[in-house]
Amino acid sequence: MGEFKVHRVRFFNYIPSGIRCVAYNNQSNRLAVSRTDGTVEIYNLSANYFQEKFFPGHESRATEALCWAKGQRLFSAGLNGEIIEYDLQALNIKYAVDAFGGPIWSMAVSPHGSQLLVGCEDGSVKLFQITPDKIQFERNFDRQKSRILSLSWHPSGTHVAAGSIDYISVFDVKSGSAVHKMLVDRQYMGVSKRKCIIWGVAFLSDGTVISVDSAGKVQFWDSATGTLVKNHLIANADVQSIAVSDQEDSFVVGTAEGTVFHFQLVSVTSNSSEKQWVRTKPFQHHTHDVRAVAHSPTALISGGTDTHLVIRPLMEKVEVKNYDAALRKITFPHRRLISCSKKRQLLLFQFTHHLELWRLGSTVATGKNGDTLPLSRDADHLLHLKTKGPENIICSCISPCGSWIAYSTTSRFFLYRLNYEHDNISLQRVSKMPAFLRSALQILFSEDSAKLFVASNQGSLHVIRLLEGSFKHLHTFQPQSGTVESMCLLAVSPDGNWLASSGTSAGVHVYNIKHLKLHCTVPSYNFPVTALAIAPNTNNLVIAHSDQQVFEYSIPDKQYTEWSRTIQKQGCYQEAYRPCL
Amino acid sequence: MVAEESVRVVRCGGSELNFRRAVFSADSKYIFCVSGDFVKVHSTATEECVHILQGHRNLVTGIQLNPNNHLQLYSCSFDGTIKLWDYIDGILIKTFTVGHKLHALFTLACAEDSVFVIINKEKPDVFQLFSVKLPKSSSRETEAKELYLVLDYINQSPKCVAFGNEGEYVAAVRDFYLSVYFFKKKTTSRFTLSSSKNKKHAKNNFTCVACHPKEDCIATGHKDGKIRLWRNFDDGKKYTYTCLHWHHDMVMDLAFSVTGTSLLSGGRESVLVEWRDATEKKKEFLPRLGATIEHISVSPAGDLFCTSHSDNKIIIIHRNLEASAVIQGLVKDSNIFTGLMIDPRTKALVLNGKPGHLQFYSLQHDKQLYNLDIIQQEYINDDGLIQIELTKAAFDCCGNWLATVEQRQEKETELELQMKLWMYNKKTQGFVLNTKINMPHEDHITALCFCNAEKFENPTLVTASKDGHFKVWILTDDSDIYKKAVGWTCDFVGSYHKYQATNCCFSEDGSLLAVSFEEIVTIWDSETWELKCTFCQRAGNIRHLCFGRLTCSKYLLGATENGILCCWNLLSCALEWSAKLTIRVMEPDPRSENIAAVSQSSAGSDLFVFKPSEPRPLYIQKNISREEVQWGVFVPRDVPESFTSEAYQWLNRSQFYFLTKSQSLLTFSTKSPEEKLTPTSKQLLAEESLPTTPFYFILGKHRQHQDKKINEALESELVQLPLTENIPAISELLHTPAHVLPSASFLCSKFVNSLLLSKETKSGEEILEDVDMEEEKESGDDSDEERDFTEKTQDTNDTDLGEDIIHQLSKSEEKELRKFRKVDYSWITVL
């Protein structure tokens with residue numbers, strides 16, 4: 001091993017945004033998470049909780065509700081009043097439909113997946129029909145006095161419970177009329193609060209409606225009679241979220257105190273069939289409000305203002321005690337937010353709406369192994385680049401020579417030329433980008449900074465030659481016929497001959513840049529690729545997967561290397577490391 | 001009398017009431033608690049002890065109601081027997097001999113002929129739960145030999161075993177695990193909590209367990225103050241639990257209410273917590289219960305709870321969390337610094353009680369009379385905190401004055417010392433602080449005594465201290481112009497060659513004061529405070545010092561550290577005799593010349609009773625206790641005994657009580673335990689067991705009394721009215737516990753009648769009926785008040801009416817009496 005100088009970069013002031021909604025998809029075992037900046041992320045729970053896909057946020061699009069329909073379509077609704085469907089292949093927004101009811105607070109897909117309900121600011125509940133390629137407004141339910149904050153379908157699809165302020169309504173779906181109106185006690189620890197907000201409702205198949213509210217109560221209602229059955233006061237603050245398991249034998253609620261409570265349906269005595277809901281375990285993994293919870297068959301999932309996504313497995317449901325049975329706290333981003341220029345010792349940090357360019361500090365001192373060396377020149381903040389428009393930055397990159405910066409939002413691609421004159425920098429935007437360069441999922445510069453590789457969201461891969469202040473489009477690799485899968489990861493060999501690219505699920509493609517053609521495809525593996533790199537001299541491609549496996553693939557030989565094969569046989573990477581990112 | 005029987009050392013009450021959970025009777029009228037070898041039956045309404053169930057020959061370790069007959073009670077003991085009692089009459093019905101030391105007893109309604117006991121068979125720390133089949137036989141004593149093992153390796157405390165869901169399963173906890181045995185399936189599930197050394201789980205130990213009466217739910221208490229509610233435990237893997245956390249310290253006991261809607265918990269905080277619906281947010285508190293809650297029990301009727309506390313008391317609590325009665329035994333959980341004393345007024349035993357208090361304990365009734373708060377500061381229950389301690393106390397001869405000394409020493413050089421003098425106030429019937437003296441001495445006070453001679457009109461107090469001085473304090477007029485306030489001031493300070501003063505003692509007539517300075521005894525004239533003479537034996541520091549009494553008042557006795565007992569003659573100022581004896585306790589009998597000395601040897605403690613005039617002891621009892629005897633006291637008898645045997649004559653006028661290191665209060669008795677019992681109103685209790693409907697109160701009893709009354713009235717016509725004590729009606733009234741008295745309205749007439757010198761019995765038919773109806777109603781409504789009222793009137797009548805009516809009556813009084821006679825209740829016989 002060589003000698004390294006390690007920089008401790010403590011000036012990347014990364015601020016993640018809070019989690020607003022989570023939606024668990026039982027069919028594909030995936031979890032959709034929306035954050036307060038409008039970003040929607042999709043985690044694959046089978047693949048070691050890896051963030052597979054993500055949809056960049058938008059300033060005006062605050063997501064308030066998120067749900068899956070038929071296991072493959074993802075909808076979100078927000079305070080801008082629009083219902084959005086996401087294209088999970090191309091990783092962009094398919095369409096947005098205005099519900100015309102003011103801000104949307106809640107949304108629920110019918111158990112059969114054919115209908116979509118939204119609850120609006122004006123008290124209206126709107127029913128949409130989900131057609132194969134779009135959604136279509138069907139009708140309004142009886143309009144309520146105040147905003148509809150929560151919605152839940154009865155598993156048979158005949159009734160709907162809607163939580164509003166101070167009361168819960170039960171609608172008959174056929175007629176659209178309110179069958180029951182259940183008033184919630186405003187009293188809170190003996191003091192009458194102004195309002196009691198029903199943050200969440202859940203409709204069980206036996207007709208029980210469970211509500212959670214701002215007075216800290218979890219209440220059980222009988223929807224047939226509209227009466228309160230049981231009341232659990234569990235918190236001194238709001239209870240903000242609820243999620244019920246598919247078997248309806250347990251549910252989870254999250255409170256504004258950061259506590260998550262688990263409720264279970266247990267039999268009263270061992271020899272009777274009578275069952276009752278009992279609060280069992282509290283979990284305190286959050287420091288702030290738990291805004292969203294989800295209940296997978298084996299785990300409780302919670303997220304909130306403190307930005308952590310916590311996956312707490314249920315011990316009694318876990319068969320084997322392995323790595324999956326441990327508590328997971330997803331805190332760090334799964335995407336690359338930092339790029340560096342080796343030549344000029346520069347770091348480019350990506351934030352939601354701006355980029356920062358820093359020069360690393362340097363030292364002339366030398367020391368022993370493990371010593372902390374004094375800095376002769378402090379790290380320097382060179383540039384603060386704000387984006388134009390309300391869209392979040394998807395990706396960014398600085399060239400190895402440090403003279404190019406590229407970044408992309410959902411609708412625009414930006415390329416800048418940096419000029420260094422002593423200590424001054426000047427920035428010059430390269431204008432007149434070609435029409436096909438609209439939006440990029442990944443940007444990469446070649447080692448000599450002469451070429452720019454851009455993975456666009458249509459699955460195509462553009463190669464651009466960069467000249468002094470201008471550029472030239474060289475080639476576009478079109479996706480394999482029939483697939484529209486987007487490429488998320490790129491790696492280029494240091495000699496500039498090879499380019500490896502990977503999507504979310506299919507194998508890794510290796511292109512020969514000199515001849516501008518596909519060289520080979522690494523066979524696809526069960527788990528998604530988390531990182532790619534090409535070794536400098538041997539041109540071996542190293543691939544890391546989310547199940548903590550590392551493969552080495554020789555590009556010239558078009559096969560796995562000997563080392564990779566022995567590693568696979570021995571399986572020494574099995575449980576040694578955290579997921580590779 | 002029973003002079004033939006030998007003198008035995010007996011336990012004389014003051015045993016632990018809090019050793020096991022108390023048990024309520026089915027109607028919540030009585031509460032049963034273990035008390036040493038006995039089981040006590042108390043009334044829940046009046047706190048009064050109504051029965052003592054005696055028969056076990058060792059510590060009673062468990063009591064349970066017979067589930068098949070709620071008028072019967074099972075008890076088990078270390079003596080290896082299970083006894084069945086009829087508690088209403090206090091009769092032993094049956095004895096089952098098991099043969100092993102029984103540590104706890106459980107009964108189940110569904111297991112008709114068997115009970116459950118905890119037995120320790122082989123290893124010292126391995127306890128097992130057995131089911132014992134009780135054979136059905138008519139004989140009073142049977143052997144129960146059929147034992148079935150239910151659970152092995154459990155905790156010995158009955159708090160750690162609980163039966164649930166009408167006997168479907170039994171849960172037991174020990175260390176870090178909970179085991180549940182299902183009777184039907186005959187399987188045991190075991191749930192273990194992590195017990196790692198790290199801080200979070202270090203105090204996960206289970207401390208107690210309780211089962212929900214209706215649901216499959218087990219509540220367990222833990223050392224870190226958490227309560228866990230276990231459910232779904234019949235399926236090994238799917239079990240789940242909830243935590244309730246309020247206690248900051250160990251949960252001492254748990255109990256579910258009868259319906260299971262609430263859970264009660266208690267611990268060191270002395271707060272009873274009620275968890276409604278077993279939820280964390282709905283809890284109610286009953287704070288300031290005085291001491292650590294050791295046990296909680298719930299009445300089968302559901303209207304009462306009770307808590308047993310570490311200071312040997314039981315508090316009966318209403319369902320709405322209001323304490324309604326306190327049964328207080330001898331407080332035992334503190335060090336006894338003051339020794340044993342007798343309050344001259346109440347003849348109660350006085351010693352350290354609760355922290356900072358003096359307790360007055362009635363030996364006759366085996367109950368605490370009251371607590372006197374000496375330190376008058378809030379007691380903070382915390383480990384490692386150095387508390388103010390009440391170290392010395394003394395009464396003067398007639399009980400008018402009480403002197404107390406309290407101290408607190410945090411560091412070697414920082415001594416806080418305070419002496420308080422309390423005056424007895426007749427109005428409030430209690431001691432009132434009169435003088436507070438800060439730092440009466442520079443160093444620890446070693447002895448404190450009042451001058452007991454009655455001829456002194458000025459009470460005098462002497463304190464001896466390690467600082468080498470003894471101080472004489474006298475009562476003087478305080479600087480009040482009305483000359484009403486009095487206070488204590490220092491009159492004289494004496495010392496002897498800078499030796500530490502270790503003991504002080506007044507002679508019986510008060511003329512001499514003896515103060516010992518380490519090895520030297522000095523005699524001072526109490527008139528002039530002049531040093532009269534000194535005695536020195538060079539046999540170690542003087543540990544005990546006392547003057548002889550009555551005919552032996554010319555002798556002074558001193559016991560030294562090196563095991564020499566010396567007797568000096570004060571007339572000749574010479575040593576009369578000395579003996580080699582290591583004396584722990586030396587107490588003079590106030591009623592005779594006798595002096596009792598307890599010596600300590602390796603085999604045990606021996607008692608010697610002797611007169612100072614002769615060195616030969618009157619009586620020797622070897623090995624009175626295996627432990628060290630710490631304190632002793634002579635208690636004068638109310639009625640002198642008349643033992644003819646020479647050996648027991650010393651017990652004629654007083655009784656000797658002593659306290660051992662393990663705080664058991666013992667005495668000497670010649671009587672069999674049955675005779676020792678104070679008579680209780682057994683026949684009244686039997687009546688009480690009949691169904692007492694309101695009609696019964698109005699009619700049934702009334703008739704009986706009416707019949708009696710007529711007879712009595714006829715008899716009393718002829719005779720002169722006897723003394724009040726001899727009238728049966730009055731004595732019955734005065735000696736019957738208030739809760740079994742009939743209602744006041746007819747007691748009143750009976751009472752008045754019994755006092756009258758009636759000449760003719762005339763039925764007053766002219767009385768208006770409606771007046772009587774009103775009275776009837778009143779008696780029904782607020783009978784309690786009326787009872788109190790009648791009691792009060794009795795008190796006054798005892799003293800006043802008793803004399804006045806017999807001798808002469810004024811005219812107005814005669815008129816009054818005539819009126820009374822008109823209000824005759826004989827009309828009720830017509831009913």
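F100(A) is found in the loop between β8 (92–98) and β9 (104–109) of chain A; strands are DSSP runs (E, at least two residues), as helices are (H or I, at least four), and both are numbered from the N terminus. The phi angle of F100(A) is near 55 degrees, a positive value in a residue other than glycine. F100(A) is exposed, with a relative accessible area of 69%. Here exposed means over 50% relative accessible area, buried means under 20%, and partly exposed lies in between, with a 1.4 Å probe and protein chains only.

In chain B, W529(B) also has phi near 55 degrees, a positive value in a residue other than glycine. W529(B) lies in the loop between β45 (520–525) and β46 (530–536) of chain B. At 12% relative accessibility, W529(B) counts as buried.

## Basis of the model

The model is predicted: local features need pLDDT of at least 70 and side-chain atom pairs count only at pLDDT 80 or more, whereas totals for chains, interfaces and linings use all residues. Residues are numbered from 1 along each chain as its sequence is written, chains are lettered from A and ligands numbered from 1 in the order in which they are written, and side-chain values use heavy atoms, with hydrogens and water left out.

## Chain B as a whole

Chain B contains eight helices and 57 strands. Of its 831 residues, 52% count as buried. Chain B exposes about 39200 Å², of which carbon and sulfur atoms supply 50%; accessible areas come from the Shrake-Rupley method with a 1.4 Å probe, and for residues only the protein chains shown count as cover. Among contacts (heavy atoms within 4.5 Å) in chain B between residues at least 6 apart in sequence, 46% join residues at least 24 apart.

## Domains

Chain A is divided into domain 1 (19–242), domain 2 (243–334) and domain 3 (338–570), with bounds that come from an automatic or database domain assignment. The centres of domain 1 and domain 3 of chain A, taken over C-alpha atoms, are separated by 39 Å. Their contact takes 17 residues from domain 1 of chain A and 22 residues from domain 3 of chain A. These two domains bury about 1500 Å² between them, 61% of it on carbon and sulfur atoms; buried area is the accessible area (1.4 Å probe) that two parts lose on being put together, summed over both. F50(A), E59(A) and Q89(A) supply 27% of the area that domain 1 of chain A buries against domain 3 of chain A, more than any other three residues.

In chain B, the assignment gives domain 1 (157–195 + 202–298) and domain 2 (332–377 + 387–440). The centres of these domains of chain B, taken over C-alpha atoms, are 40 Å apart.

The size of an interface is often given as the accessible area lost when the parts come together. Chain A and chain B bury about 1700 Å² between them, 46% of it on carbon and sulfur atoms. On the chain A side, S270(A), R279(A) and E316(A) lose the most area to chain B, together 26% of what that side buries. In terms of contacts, 22 residues of chain A meet 20 residues of chain B.

One salt bridge is counted between the two chains; a salt bridge is a side-chain nitrogen of Lys or Arg within 4 Å of a carboxyl oxygen of Asp or Glu. The side chains of R279(A) and E280(B) meet in a salt bridge (3.6 Å, N to O). This pair crosses between chains, from R279(A) in strand β26 (residues 275–284) of chain A to E280(B) in the loop between β25 (272–276) and β26 (283–286) of chain B. R279(A) counts as buried at 8% relative accessibility, whereas E280(B), at 23%, counts as partly exposed.

## Salt bridges within the chains

Over all chains, the structure holds 32 salt bridges, although the count between domain 1 and domain 3 of chain A is zero. In chain A, the side chains of E41(A) and R35(A) meet in a salt bridge (3.1 Å, N to O), and both residues are buried.

In chain B, E215(B) forms a salt bridge with R231(B), the closest N and O atoms being 3.3 Å apart. E215(B) lies in the loop between β19 (206–211) and β20 (217–222) of chain B and R231(B) in strand β21 (residues 226–231), so the pair ties together parts that are 16 residues apart in sequence. E274(B), R276(B), E284(B) and R319(B) are linked in a network of salt bridges.
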